[in-house]
Amino acid sequence: MTTTATPSPELTAAGAPRAGGGGKIGDHPVSRIGYGAMQLRRLSGDRAAAIALLRRAVELGVDHVDTAQFYADGFVNGLIRDAFRPEDGVVVVSKVGADPSPGGPVPLRPAQRPEQLRASVEDNLKSLGLERIPVVNLRRLDTRPGLRAEGDQVVDLDDQLAVLTALRDEGKIGAIGLSAVTLDGLRRALPAGIVCVQNLYSLVARGDEEMLRLCVDERIAWVPFFPLGSAFPGMPKVVDAPAVTAAARSLGRTPSQVGLAWLLHHTPNMLLIPGTADAGHLEANIAAGTIELDDATLAALDATESQPVDLALD
Ligand SMILES: NC(=O)c1ccc[n+]([C@@H]2O[C@H](COP(=O)([O-])OP(=O)(O)OC[C@H]3O[C@@H](n4cnc5c(N)ncnc54)[C@H](OP(=O)(O)O)[C@@H]3O)[C@@H](O)[C@H]2O)c1
């Protein structure tokens, strides 16, 4: 999949007005509202609906999609391969650091070793049908929620960056991002040239505010996962925050839309990848890019208390 049209700050390569306005990930101009493909695992019984959802996202001005080989063992990557055309200019971002584990107690297992990262990039290239993945996030296992590294899966960050840098030199990946990384880890990785950070973050989970500020200063895109608080029970949900429901009522919008609008207002380097398997929710999430929040509403939302997120999902 190579881009044949020229995207601009206002329009995607497909010619749609940018969802949420224009942003950047590395050298790629992208719409600030993208799409997280993980929820498409739930549409494994309805492939046509999943493809239609991805096509609708492109029509609505999305050109940045987050995925992983371990989302339903390549199924989601296969959807992306089949749904997007080169002229859509979609910037596909994948992640390495875990492998699919179909039939296991959870559908993924740690794969942090350098040779496993390389093999995972190859798997992603194959299932996505790409010669180069525009951006690959190194998914560390440093922070909750999710798997923890043990034994030979405890790998030094420098060793991992060495293989990702080599893969970038070989042209197999376009740029490197980090996920579930600590502030120290990010600082250590900066010389490798990091274009994005994908950590858990939302209005109700703001433990990484200091790291976010570093990313603003370094012009690194901040692409939070669980921007709404995820589909997992037990995770704090943005839609439950009283300031969010109050703002939604007064603006005539939904609480999810207000949560996404707050993120867009919070910092200029914020790029969104909300996940949904529902076409109506996709449209609502993209429409959140048009919401204006006045100073009083922003102050009320800012005052929402951040909650701990130490849930083990494994
Ligand atoms: N780097 C990592 O370790 C990592 C970890 C997790 C996820 N991710 C990425 O981050 C993306 C976003 O995270 P996520 O999908 O787990 O969580 P999320 O975006 O915070 O929330 C998804 C949940 O919110 C619901 N939802 C979405 N839009 C809605 C709307 N407008 N109104 C009401 N409900 C709505 C979805 O249900 P419906 O399907 O019914 O809309 C789903 O239950 C993922 O898709 C994935 O690409 C990365």
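Two strands are said to pair if DSSP finds at least two bridges between them. The legends below describe close-up views of a predicted model.

View 1. Seven strands form an open sheet with parallel pairing, and their order is S3-S4-S5-S8-S9-S10-S11. Strand S3 (35-36) and strand S11 (221-222) are the edge strands, each of which pairs on one side only.

View 2. Strand S8 (residues 135-139) runs parallel to S9 and is joined to S9 by four bridges. Within this pairing, Arg139 has Ser179 of S9 as its bridge partner. Strand S9 (residues 176-179) is also joined by four bridges to strand S10 (residues 194-198), again in a parallel arrangement. Here Ser179 stands opposite Gln198 of S10, and Gly177 stands opposite Cys196 of S10. Both faces of S9 are covered: Ile176 and Leu178 are buried on one side, and Gly177 and Ser179 are buried on the other.

View 3. A right-handed β-α-β unit is made by S8, helix H4 (residues 157-169) and S9. From S9 the chain then crosses through helix H5 (residues 183-189) to S10, and this β-α-β crossover is likewise right-handed.

**View 4. Helix H8 and its surroundings.** Helix H8 (residues 255-266) contains twelve residues, and the distance from its first C-alpha to its last is 16 Å, close to the 16 Å expected at 1.5 Å a residue. Because eleven of its twelve residues are buried, H8 is largely enclosed by the rest of the structure. A residue counts as buried here if 20 or more other C-beta atoms lie within 10 Å of its own. Among the buried residues of H8 are Pro255, Val258, Leu260, Trp262, Leu263 and His266. The packing partners of the buried residues in H8 are helix H7 (242-251), H9 and helix H10 (295-302).

**View 5. The residues around the ligand.** The ligand has 28 residues around it, of which Gly36, Met38, Ala231, Gly275 and Thr276 come nearest. By class, this shell comprises twelve nonpolar, twelve polar and four charged residues. Helix H9 (residues 279-287) supplies the largest share of the shell, three residues.

Methods. Residues are numbered from 1 along each chain as its sequence is written. This is a predicted model: local features need pLDDT of at least 70, side-chain atom pairs count only at pLDDT 80 or more; totals for chains, interfaces and linings use all residues. A residue is near a molecule or strand if its C-beta atom, placed from the backbone, lies within 6 Å of it. Helices (H or I, at least four residues) and strands (E, at least two) are DSSP runs, numbered from the N terminus. Ala, Val, Leu, Ile, Met, Phe, Trp, Tyr, Cys and Pro count as nonpolar, Asp, Glu, Lys and Arg as charged, and the others, Gly among them, as polar. The expected span of a helix is 1.5 Å times one less than its number of residues. Two residues are in contact if their C-beta atoms, placed from the backbone, lie within 7 Å. A crossover is right-handed if, with the strands pointing away from the viewer, the path from the first strand over the helix to the second runs clockwise.
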